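The overall make-up of the chain follows at the end.

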Amino acid sequence: MTDYEILLMLDPELPEERQNEIVSRIREAVERDGRWEGHEPWGRRRLSYEIDHKPEGTYHLLTFETEPATLDEISRVLKITDGVMRHLAVRRVKGGSTRPPEPIREEPSREESRHEEPVAAAAPASQDSEPEPESPQSPESPQE
């Protein structure tokens with residue numbers, strides 16, 4: 001058996017009962033020949049881009065141990081389940097974190113950014129070129 005996790009993105013307009021039903025169906029499929037380890041609801045998160053005209057999604061992280069054939073069946077069912085916007089099933093790394101990522105800070109509006117000082121960015125140094133040698137100062141020249 002292999003350790004897996006599924007990050008499940010559900011429609012934010014889906015009722016709580018339906019979300020729990022989807023998670024419990026996955027749990028039942030896993031428990032037939034594997035071991036369920038946990039479910040962490042991460043809540044509503046803003047999407048980088050809209051999916052089906054929806055700017056948010058409700059995330060759930062599911063962790064379990066099962067056979068690859070069972071994972072294939074779970075993925076097949078999730079693809080055709082109404083209310084599932086996206087899902088990603090991966091092998092779990094031992095000792096990996098299951099904490100949700102920190103929310104991304106919103107970009108300042110144009111009005112706010114007009115009042116901020118511009119930040120100068122240094123040009124990246126090429127790794128192929130050598131630094132220019134500094135010109136040595138002669139000991140006779142006065143320093144100011």
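In this predicted model, Tyr4 has a relative accessibility of 7%, so Tyr4 counts as buried. Phe64 is at 0% relative accessibility and therefore counts as buried too. Trp36 and Phe64 are both buried.

**Aromatic pairs**

The chain holds two aromatic pairs. They are listed with their geometry below.

| Pair | Type | Centre to centre | Angle between planes |
|---|---|---|---|
| Tyr4 and Phe64 | tilted | 6.2 Å | 40° |
| Trp36 and Phe64 | stacked | 6.3 Å | 5° |

Which parts of the chain does the pair of Tyr4 and Phe64 tie together? Tyr4 sits in strand 1 (residues 2-10) and Phe64 in strand 3 (residues 54-66), so this pair joins parts 60 residues apart in sequence.

The pair of Trp36 and Phe64 is stacked, with 5° between the planes. Because Trp36 belongs to strand 2 (residues 35-51) and Phe64 to strand 3, this pair ties together parts that are 28 residues apart in sequence. Through these ring pairs, Tyr4, Trp36 and Phe64 are linked into a cluster.

**The chain as a whole**

Three helices and four strands make up the elements of the chain. Starting at the N terminus, their order is β-α-β-β-α-β-α. The chain has 144 residues, of which 30% count as buried. Among contacts in the chain with a separation of 6 or more, 74% are between residues 24 or more positions apart.

How values were computed
Residues numbered from 1 in each chain as written. Predicted model: local features only at pLDDT ≥ 70, side-chain atom pairs only at ≥ 80, totals over all residues. Heavy atoms only, no water. Phe/Tyr/Trp six-rings, centres within 6.5 Å; stacked < 30°, edge-to-face > 60°. Helix = DSSP H or I, 4+ residues; strand = E, 2+ residues; numbered from the N terminus. Buried < 20%, exposed > 50% of the residue type's maximum accessible area, 1.4 Å probe, protein only. Contact = heavy atoms within 4.5 Å.
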